[in-house]
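Please look through the sequence and the structure shown below. The briefing that follows takes up a few topics in turn.

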Amino acid sequence: MDVDATPGVLQLQFDSRFTVADATRLRDSVLALAPIARLTLDFTRVRELQDAAIAMLAATLSLLRGSSVVLRGLTAHHWRLLRYFGIEQSAFAA
């Protein structure tokens with residue numbers, strides 16, 4: 001995972017896998033660095049994204065209401081799962 005952080009702004013680019021452990025680290029980072037005005041999560045290099053990690057990602061995104069969040073590189077399947085957890089693509093897609 002590549003991290004670029006400045007006060008209030010966090011950009012993360014994930015490598016080939018995004019697992020539950022990665023989603024947990026993401027949640028912990030978001031909580032530790034709050035408040036975050038802008039967050040970019042780039043999944044374009046990810047080839048394996050666990051469905052359970054998507055559930056945790058949705059929970060983390062729900063903590064960021066009011067922040068500017070951009071998600072890149074998710075497939076239609078991932079967006080369907082996020083929508084199931086109450087996350088709409090129109091609010092987060094770049």
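Predicted model: local features only at pLDDT ≥ 70, side-chain atom pairs only at ≥ 80, totals over all residues.

In which helix is Leu-82 found? Leu-82 is found in helix α3.

- Leu-82 has a relative accessible area of 0%, and residues under 20% count as buried, so Leu-82 is buried.
- Setting aside neighbours within four places in sequence, Leu-82 is in contact with Ile-54, Leu-57, Ala-58, Leu-61, Leu-71, Leu-74 and Ile-87.
- Between Leu-82 and Ala-53 there are 29 residues of separation in sequence, and their C-alpha atoms are 10 Å apart in space.

**The largest nonpolar core**

- In soluble globular proteins, nonpolar side chains tend to be buried together.
- The largest nonpolar core here has 27 residues.
- The members that touch the most other members are Phe-18, Leu-41, Phe-43, Leu-61, Leu-71 and Leu-82.
- At least two residues of this core come from each of β2 (9-13), α1 (20-33), β4 (38-42), α2, β6 (68-72) and α3.
- The element that gives the most to this core is α2, with five residues.
- Leu-41 touches Leu-12, Phe-14, Leu-26, Leu-57, Leu-61, Val-70, Leu-71 and Arg-72, when residues up to four places away in sequence are not counted.

**Helices α2 and α3**

- Helix α2 covers residues 51-62 and helix α3 covers residues 76-84.
- Their axes come within 9 Å and cross at roughly 55°, and α2 and α3 are therefore oblique to each other.
- The crossing of α2 and α3 is right-handed.
- On the α2 side, the contact is made by Asp-51, Ile-54, Leu-57, Ala-58 and Leu-61, and on the α3 side by His-77, His-78, Leu-81 and Leu-82.
- Sorted by class, the residues in the contact of α2 with α3 are six nonpolar, two polar and one charged.

**Helices α1 and α2**

- The axes of α1 and α2 are 8 Å apart, and the two helices pack at an angle of about 10°.
- Angles under 35 degrees count as roughly parallel, and α1 and α2 are therefore roughly parallel to each other.
- From α1, the contact uses Val-20, Ala-23, Thr-24, Leu-26, Arg-27 and Val-30, while α2 brings Ala-52, Ala-53, Met-56, Leu-57 and Thr-60.
- This contact of α1 with α2 has eight nonpolar, two polar and one charged residues.

**Asp-15 and Val-46 in their loops**

- Asp-15 lies in the loop between β2 and β3 (17-18), and Val-46 lies in the loop between β4 and β5 (48-49).
- Is Asp-15 buried or partly exposed? Asp-15 is partly exposed, with a relative accessible area of 37%.
- Val-46 is buried, with a relative accessible area of 10%.
- Apart from neighbours within four places in sequence, Asp-15 is in contact with Met-1, Arg-45 and Val-46.
- The C-alpha atoms of Asp-15 and Arg-45 are 5.4 Å apart, although these residues are 30 residues apart in sequence.
- Val-46 and Ser-16 are also 30 residues apart along the chain, and 4.0 Å separates their C-alpha atoms.
- With neighbours within four places in sequence left aside, Val-46 is in contact with Phe-14, Asp-15, Ser-16, Arg-17 and Phe-18.

**A cis peptide bond**

- Ala-34 and Pro-35 are joined by a cis peptide bond, with omega about 0°.
- Pro-35 is in the loop between α1 and β4.

Terms used
Residues numbered from 1 in each chain as written. Heavy atoms only, no water. Axes fitted to C-alpha atoms, helices over the stretch in contact; angles between N-to-C directions. Helix = DSSP H or I, 4+ residues; strand = E, 2+ residues; numbered from the N terminus. Parallel < 35°, antiparallel > 145°, perpendicular 65-115°, else oblique. Left-handed = near helix turned anticlockwise from the far one by under 90°. Contact = heavy atoms within 4.5 Å. Nonpolar A, V, L, I, M, F, W, Y, C, P; charged D, E, K, R; others polar. Core = buried A, V, L, I, M, F, W, Y, C linked by side-chain atoms within 4.5 Å. Buried < 20%, exposed > 50% of the residue type's maximum accessible area, 1.4 Å probe, protein only.
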